[in-house]
Amino acid sequence: MAVLATAVVGNLANDTDSAWYRELAKPSWQPPGPTFALVWTPLYVLIAYAGARAIDRARPDARRGVILALAVNLVLNAGWSVVFFVFKSPEAALVEILLLNLANALLVHRAWRADRTAGILLLPYAAWVVFATALTGAIAWSN
C-alpha cells in the first residue's frame, strides 16, 4: 500500500500539460511522455515485491532498518514530483533526486543483505533513478 500511495502522490503531482513545464528547455534525449508511465508501472511493482520480500526475509534485528530504508525511499520518490512540478523548481528537484539516489543505494544494500533476490530486483529502479537524475540535471542546467 505504501508503494501504491507513492505512485498516486507522484502521479497527482505530475503536470506535464502545464504551460510552465511545456516552456522548459529539455534535452533532446528526453524520452517521450508515455515512456514514463510504461517504465514506472513495472518499477513500482518491483519496489513493492522486493520491499516486501526483503522485509519478510530480513533478520529480526535488521527488519526495522529495511522498513526505514524503504519508507525514506518512498517519501523521496514521491517528493521529487512535488518539488519539480508543484514547487516548479528543477534545481531543488535535482538536490532531492540526489538524495533519492543515496536512499536507493541504502535500500538496495539493506534489501541485498536481507535477500539477494530482493536486492537484485531493486537494481532496475536504482538505474532508472540515475537516468532521471541526469535528466533532472540537464533540465535544471538549461533553465
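**Figure 1. D61 is exposed, with a relative accessible area of 60%.** This is a predicted model. D61 pairs with R59 in a salt bridge. Their closest N and O atoms are 3.1 Å apart. R59 has a relative accessibility of 43%, so R59 counts as partly exposed. The cut-off for exposed is over 50%, so D61 passes it at 60%. Side chains of opposite charge can pair when their charged atoms come close.

**Figure 2. R53 and D115 meet in a salt bridge through their side chains.** The structure holds 3 salt bridges. In the pair of R53 and D115, the N to O distance is 2.4 Å. This pair links distant parts of the chain. R53 belongs to helix α3, while D115 lies in the loop between α5 and α6. The two residues are 62 residues apart. Are R53 and D115 buried or exposed? Both R53 and D115 are buried. For D115, the relative accessible area is 11%. Buried means under 20%, so D115 falls in that class.

**Figure 3. D115 also forms a salt bridge with R57.** Here the N to O distance is 3.5 Å. The pair of D115 and R57 links distant parts of the chain, 58 residues apart. D115 sits in the loop between α5 and α6, and R57 sits in helix α3. How exposed is R57? R57 is partly exposed, with a relative accessible area of 48%. D115, by contrast, is buried at 11%.

**Figure 4. S89 lies in the loop between α4 and α5.** Is S89 buried or exposed? S89 has a relative accessible area of 17%, and the cut-off for buried is under 20%, so S89 is buried. A polar atom of the S89 side chain lies 3.1 Å from the backbone nitrogen of A92. Which residues does S89 touch, leaving aside its neighbours within four places in sequence? S89 is in contact with W20, V83 and F84.

**Figure 5. L135 is found in helix α7, which spans residues 123-142.** L135 is buried, with a relative accessible area of 7%. That value is under the 20% cut-off, so L135 counts as buried. Which residues are in contact with L135, beyond its neighbours within four places in sequence? The contacts are P27, W29, Q30, P31 and F36. Now look at K26. The C-alpha atoms of L135 and K26 are separated by 8.2 Å. Along the chain, L135 and K26 are 109 residues apart.

**Figure 6. The largest pocket has a volume of about 750 Å³.** Rolling a probe the size of a water molecule over the atoms shows where empty space is left. How many residues line the largest pocket? The lining has 29 residues. N14, F36, W40, W80 and S81 lie nearest the centre of the pocket. F36 is also one of the contacts of L135. Which helices supply at least two residues each to the lining? They are α1 (2-13), α3 (33-57), α4 (60-86), α5 (90-114) and α7. The lining divides into 17 nonpolar, 10 polar and 2 charged residues.

Terms used:
Residues are numbered from 1 along each chain as its sequence is written. This is a predicted model: local features need pLDDT of at least 70, side-chain atom pairs count only at pLDDT 80 or more; totals for chains, interfaces and linings use all residues. Side-chain values use heavy atoms; hydrogens and water are left out. Helices (H or I, at least four residues) and strands (E, at least two) are DSSP runs, numbered from the N terminus. Buried means under 20% relative accessible area, exposed over 50%, partly exposed in between (1.4 Å probe, protein chains only). Contact means heavy atoms within 4.5 Å. On a 1 Å grid over the protein atoms alone, a cavity is a set of points where a 1.4 Å probe fits but cannot get out, and a pocket is an open set with protein on both sides within 12 Å along at least five of seven lines; lining residues have an atom within 4 Å of a point. Grid points are joined across faces, edges and corners, and a volume is the space filled by probe spheres set on the points. Ala, Val, Leu, Ile, Met, Phe, Trp, Tyr, Cys and Pro count as nonpolar, Asp, Glu, Lys and Arg as charged, and the others, Gly among them, as polar. A polar contact is a pair of N or O atoms within 3.5 Å; within protein, one must be able to donate a hydrogen and the other to accept it, and residues adjacent in sequence count only if both atoms are side-chain atoms. A salt bridge is a side-chain nitrogen of Lys or Arg within 4 Å of a carboxyl oxygen of Asp or Glu.
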